[in-house]
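Please find below a short note for someone opening this structure for the first time. The points can be read in order.

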Amino acid sequence: MTELARRRDETLAERLIHMNWLVLVSVSLLVAIGTATLYSVEGGSFEPWAERHGVRFLLGFGVILAMVAMPMWLWRAAALPIYLLALGLLLLVPVLGVEALGAKRWLDVFGLQFQPTEVMKVAIVLMLARYYDALPPSRIADPVAVFVPVVIIAVPLAFTLSQPDLGSAALYAAVGLGLMFLAGVPILYFAGGAMVAAFAIPFVWAGLHDYQRRRIETFLDPGADPLGAGYHIAQSKIALGAGGISGKGFMQGTQSQLDFLPEKHTDFIFTTFAEEWGFWGALGLLVLYAILLTLLAIMAMRARSMFARLVIAGAWSTIFVYVFINIAMVSGLVPVVGVPLPFVSYGGTSMVTLLAALGLALAADVDEGQNRRMLRRASRP
Amino acid sequence: MQGPGDEPRDGDSGFTRRALVVGALQAGALGLLAARLYQLQVLEGRRYAPLAEDNRISQRGVMPRRGRIVDRAGVVLAANDEMYRVSILSASDSELKETLARLAAIVPLSEQEIATTLAKARTTQRNEPLIVAGNLSFDQVAAIGLHAASLPGVETDVDLRRRYFHGRETGHVTGYVGSVERHAMDDEAFLRMPGARVGKAGVELGMDKDLRGKCGSRKFEVDARGHIVRHLDEIDPVEGRDVMLTIDAGLQSRVLDRLAGIPRGAVVAIDVTNGEVVLMASVPAFDPNDLTINFEPDVWKKLQAEPHKPLLNRAIGGQYPPGSTFKMVTALAALEAGTASLRERVTCDGSFEYKDSTFRCWNRGGHGAMDLTDALRESCDVYFYELARRTGIDRIAAMARRLGLGQTYAAGIGQQKRGIVPDPGWKRAALGKAWLGGETILAGIGQGFVLTTPLQLAVMTARLATGRAVVPTLVRRPDDARPALPVFPPLAVKSEWLDAVRSAMVGVVNDAGGTGGNAAISDSAVVIAGKTGTSQVRSTGGDRGAGGDAFELRDHALFVSYFPADKPRYAIAAVIEHGGGGGATAAPIVRDVIETLIDFDPAARVTTGSLERP
């Protein structure tokens, strides 16, 4: 016990050496694929997307290192303030927000534009991790103890839905519930929650915006309006199909080169990639994501503190939800909800969010590793 | 010793188990995505590939140049004027509005024109250009090219407008072109081209397929807004073929001058050796340019409202009772049937009784005893009433058809009328009534139901003159493509009888008592053969030729003729609507036409290369 009290934090260099570099290698590969696809989308030009995509990643890489440098206790202490700050920003959006594409999502602070919903994605993970870290395991099944995280998730979710931002709301719900499950909340609660949700569907439907309803209707019957709302899905399927087994080749994808694809550089970039690289390319990209997710899953399972476990699981599940919703969306399995493909889609906000989540996870992993190393040293004779 | 992280906690193994559950669910979800991609890309890939091609490639027709029409001497009668026009690809409403506003700075566009284009764009398929304005100057086209970057989807091209030269003289023959009617549009790529024009009348209609040519095509790669990214493939159009006519524009002009002052009528002249129609004049004339390059919105109404119907080419579209010009048909039918002989005389006392009706001869006092030659020369009606009664309508109708009546010809000119060669079958089909004997009597002198066009009368005359089934044409084949004479099969009418009819026709013009003396020309070396006709407009068997009657009720004056009588070269038919007597009105016109023909073709008076009579 005394030895532990004398425990010192490892130096920055030590932390970096012990960082899980494999995760960063796979993320770098994904960013490289994104950059190449953006280069192709623009008909062989680094301007305007590919170059910025790469530069942003390099900046984000710096952010990761900075986050890894900070010890876990600092993050643990900052969790509640960060969550409350994110909630406050979310509340400010309807008042001070900038409107774009029919939705108010952006805040402009001293010329820096950002989406509070993105900040909240990290904040919810931190907050839930902090909560379960403090909760004695014996109280895990206590109804009140189950109710608190539901509120932590539901409050930002309600504000996000009203913005409206269906994609982020879905992510809060999926990641939040995932973390609750991993924290050990009994299955019965989830079953009950599912039944409540089933009853709530008609009321949620009534509360949705027209365009949101249209998207869901379009998803259910995309052929009904091929030039209208179903256009995106139809063109995306055409592009995927036209790619075939081996693809049309780099820079040869006509659907995206000729602008038939919507949002070909952001949400629909997977389609562009799959048109040019075919089924094998798409499968390769899926495998790369699977590797990244497996690395994160192993990290989470190796962690001993609940805080570290859930912070890592937060990054893990966030990346998974993004990947699944995005690819399921462009291949017509789920409605178009506007979720980017992690590290591949162009877009600063999602890149920062994902790298921040990843930075936290890596920092937690380094801390856990430090504990393990100290234990090994201490147990040596 | 245990570190805090190693503290045995409830749910440790729980976390790992649950993480494995989550991992398994994720693996399943990613597997589902892989399966979905396999379905879309591998199983259904072949179905989607052509859809992507369809998206990408836009095909557009390239208009062929319409063939020119020239007269027999090579004088251009119809050609194409090049006019620049500007078109725009339909795009989103707002984009189109902006582009049109910018375009309006270069090309004057009224609010109305912009509104029309926008309205059209809403109903037009993407990738199909809309014509915004025509008749641009070269400077405007250059300015549009200069501002191309700010005018997405805007293209300029050349529109071909039909211009007619000598339109007044040859307009009825050339006809005119017009835009494609909606119902004809899906036939052929050409017809769907914006601004495509097809023949509507005359040779433009009759030879439309030749003149039109075939559409070329251009394939473009287009982006989602329909803007051209690059050219992929180009197939040149097959230009329309030029058509050379058999008519002579100079001759037309001279004859139309001669017809000045005549409200309605037509003259046709055929070269009997090859069927070439060298002259086809119809009055009143019109200028086809009024329907193409000088088009004004109400020109159709104006032309249609004219009482003399100038758009009607009377040479092929005017149907008239042939009157006495039909008597050759009756004569030959009777001779062939044996119901008449060359020597037998029939006495004309001015009228003819049949059942309870009385049919009058034009000569109230009667012609006395007449043989066939006398009867043709003096155009005795009673003689032919009697022949018609003896011969019957079926034989007369058959002979009329052999001589070219009651039919249209593959002559390369559109809107020919068939006329009527009546018989009991026709009457039952057309009127639902039984044939009456009296109708045969009237048909015998070319009245009653019989209707012919001037072209048909000229063909009949050519066939009488040659004894061959002459077929007229308005399209001149190149000299080397013309078959050697004789081209037309014999009529299989005994030459003895044909000769009798011919010599009677010579008598009509040249003998005392002949009704067509006015047709004789000053050059006595050229013998003219002919036959007068004065056909009643009213169907009553009573008075005729009453000069005091209203114009519309006056008789039509007809004259058919061929020359030279011994070696025929040209056959002519003239119909002067409400002109009165054939001998008085039509014969002098034909005489002048013959003199003009000889003027243009001096060889005609001593024809050497004429057709062998069978």
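**Notes on chains A and B**

1. Buried residues account for 48% of the 381 residues in chain A. The model is a predicted one, and the values below are computed from it.

2. Chain A contains 15 helices and three strands. Of its contacts with a separation of 6 or more, 70% are between residues 24 or more positions apart.

3. In chain B, five strands make up an open sheet, in the order β12-β11-β19-β18-β17, with antiparallel pairing. The edges are taken by β12 (277-283) and β17 (529-535) of chain B; each has a single partner strand, so one side of each lacks a neighbour in the sheet. On average, neighbouring strands of this sheet are turned by 5° against each other, ignoring direction.

4. One of the residue pairs can be named: Gly530(B) has Ser561(B) in β18(B) as its bridge partner. As background, strands of a sheet pair through backbone hydrogen bonds.

5. Helix α6 of chain B (residues 167-174) is largely enclosed by the rest of the structure, because seven of its eight residues are buried. The cut-off for buried is 20 or more other C-beta atoms within 10 Å of the residue's own. The buried residues of α6(B) are Gly167(B), Glu169(B), Thr170(B), Gly171(B), His172(B), Val173(B) and Thr174(B).

6. What follows just after α6(B)? Gly175(B) comes there, with a positive phi of about 75°.

Methods:
Residues are numbered from 1 along each chain as its sequence is written. Chains are lettered from A and ligands numbered from 1 in the order in which they are written. This is a predicted model: local features need pLDDT of at least 70, side-chain atom pairs count only at pLDDT 80 or more; totals for chains, interfaces and linings use all residues. Two strands pair if DSSP finds at least two bridges between them. Helices (H or I, at least four residues) and strands (E, at least two) are DSSP runs, numbered from the N terminus. Axes are lines fitted to C-alpha atoms, for helices over the stretch in contact, and angles run from 0 to 180 degrees between N-to-C directions. A residue is buried if 20 or more other C-beta atoms lie within 10 Å of its own, exposed if 12 or fewer, and partly exposed in between; C-beta atoms are placed from the backbone. Two residues are in contact if their C-beta atoms, placed from the backbone, lie within 7 Å.
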